[in-house]
Amino acid sequence: MTTSPLTIVAEFRIPAENRDHFLELCAYDSAHSVADERGCQRFEAVSPMDDPQTIILLEVYDDEAAFESHLSTPHFKVFEVGVKELGAELVSLRKTARMAPVA
């Protein structure tokens with residue numbers, strides 16, 4: 001199975017009182033990831049319409065190395081600290097490979 005591009009699907013549970021601040025952190029990380037990282041193709045935060053305390057990050061990287069590089073960036077470190085401070089729970093993190101359309 002190929003890992004190019006690599007799509008990360010990270011699901012978080014957010015305390016209701018911290019949702020807006022968490023989304024601000026997501027927007028910050030997203031903007032810097034796409035603008036500052038050569039290997040980040042896309043970064044979005046989405047939420048199920050019937051479950052506002054769940055936030056899912058969809059991130060697309062050129063490959064595994066680009067994702068690993070992302071984890072050492074200053075903007076990710078801000079996000080990582082914020083996750084802890086806001087009591088956000090990482091429910092799952094999945095690394096996926098695109099099956100269709102074929103690149």
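Tutor: The largest pocket has 17 lining residues, and Phe-12, Phe-76, Phe-79, Leu-90 and Leu-93 lie nearest its centre. The model is predicted: local features need pLDDT of at least 70, side-chain atom pairs 80 or more, while totals for chains, interfaces and linings use all residues. Residues are numbered from 1 along each chain as its sequence is written, and side-chain values use heavy atoms, without hydrogens and water.

Student: How is a pocket defined?
Tutor: Rolling a probe the size of a water molecule over the atoms shows where empty space is left. On a 1 Å grid over the protein atoms alone, a pocket is an open set of points where a 1.4 Å probe fits, with protein on both sides within 12 Å along at least five of seven lines; lining residues have an atom within 4 Å of a point.

Student: Which element gives the most to the lining of the largest pocket?
Tutor: That is α3, with five residues; helices are DSSP runs of H or I, at least four residues long.

Student: How are Phe-76 and Phe-79 arranged as an aromatic pair?
Tutor: Rings of Phe, Tyr and Trp (its six-membered ring) pair if their centres lie within 6.5 Å; planes under 30 degrees apart are stacked, over 60 edge-to-face and the rest tilted. Five aromatic pairs are counted by this rule. Phe-76 and Phe-79 form a tilted one, 6.1 Å centre to centre with 40° between the planes. They are separated by about one helical turn because they are three residues apart in helix α3 (residues 74–85). Phe-12, Phe-22, Phe-76 and Phe-79 form one aromatic cluster.

Notes. Helix = DSSP H or I, 4+ residues; strand = E, 2+ residues; numbered from the N terminus.
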